[in-house]
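Subject: Structure for your review

Dear colleague,

Please find below the structure that I am handing over to you. My notes on it follow directly after.

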Amino acid sequence: MGTAWLSLGSNQDAEANLLAAADALRERFGAVRFSPVYRTPAVGFEGPDFLNAAAVIDSDLDPYALNDWLHALEDRQGRRRDVPRFSSRTLDIDIVFYDDLVLKGPGNLELPRPELKHAFVLKPLADLSPDYRVPGGDATLAALWAVHPEAASPPAVDALALG
C-alpha cells in the first residue's frame, strides 16, 4: 500500500470528465482527498482553458499498475492518444508523487513528475499537502509554491467541487 498524489486536468467537457474521474477514483480507492479546482490556460498549445485539480489516494497498486489503471480511466473518458501530446484532452491524470519514490518508468511515467514546475500542478498539490517534502530535495510543496513565479497571482478557483 502506498500513497499517491495525482494531478487531474481536462479542457473538453471538463466538468463532466473531472466529476467522472473523481467518482471512479472513490469507487476504486475509497477515501480520496481533492484540492480545489482551478481554471488555467492551456500550456504548450492554443486551446480552451483547463480545469485542474489534485487528489491524494492510498493505493494497493504499485506505481506501474496505478499508471496503467489511470490510463485506462483516461481512455474510458475518451482520451485520444493519436493526437499530439500537447493538445486538448478529455482527461489527463498523472501520478506526481508515489510515497517518496524517484523513478523513470515506461512511457511517460516519471516520479516526481516534471510538470510540478507548472502552477496548474503545483498549486493544487500545495493546497492538499503543504508540508510534503518533494523526493530528491528538501523543499516542501508550500515552499515551492511560495517562490513560484505565479504565486503572486495564482490561478482562479473554479466553482466545481470534486470532493
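Arg-79 counts as buried, because its relative accessibility of 16% falls under the 20% cut-off. Please keep in mind that this is a predicted model. The side chain of Arg-79 meets that of Glu-74 in a salt bridge, with 3.5 Å from N to O. Glu-74 is buried as well, since its relative accessible area is 1%.

Two further salt bridges deserve a description. Glu-115 and Arg-113 meet through their side chains, at 3.0 Å from N to O, and both of these residues are buried. Lys-123 forms a salt bridge with Asp-127, where the closest N and O atoms are 2.8 Å apart. Both Lys-123 and Asp-127 belong to helix H3 (residues 119-128), and they are 4 residues apart, about one turn of the helix. In total, the structure holds 10 salt bridges.

I turn now to the nonpolar residues. The largest nonpolar core has 31 residues, and the members that touch the most others are Leu-6, Leu-25, Leu-66 and Ile-95. Which elements give two or more residues to this core? They are strand S1, helix H1 (14-29), strand S4 (50-59), helix H2 (63-76) and strand S5. H1 gives the most, with 7 residues. There is also a second, separate core of 16 residues, which includes Ala-54, Phe-97, Ala-119 and Leu-128.

Leaving aside its neighbours within four places in sequence, Leu-6 is in contact with a number of residues, among them Leu-25, Ala-53, Leu-66, Ile-95 and Leu-125.

Finally, there is the pairing of strands. Strand S1 (residues 2-10) and strand S5 run antiparallel and are joined by 6 bridges. Within this pair, Ala-4 stands opposite Tyr-98 in S5. Is strand S5 mostly covered or mostly open? Strand S5 (residues 92-98) is mostly covered, as 7 of its 7 residues are buried.

With kind regards

Note on methods: Residues are numbered from 1 along each chain as its sequence is written. This is a predicted model: local features need pLDDT of at least 70, side-chain atom pairs count only at pLDDT 80 or more; totals for chains, interfaces and linings use all residues. Side-chain values use heavy atoms; hydrogens and water are left out. Buried means under 20% relative accessible area, exposed over 50%, partly exposed in between (1.4 Å probe, protein chains only). Two strands pair if DSSP finds at least two bridges between them. A nonpolar core is a set of buried Ala, Val, Leu, Ile, Met, Phe, Trp, Tyr and Cys residues joined through side-chain atoms within 4.5 Å. Contact means heavy atoms within 4.5 Å. A salt bridge is a side-chain nitrogen of Lys or Arg within 4 Å of a carboxyl oxygen of Asp or Glu.
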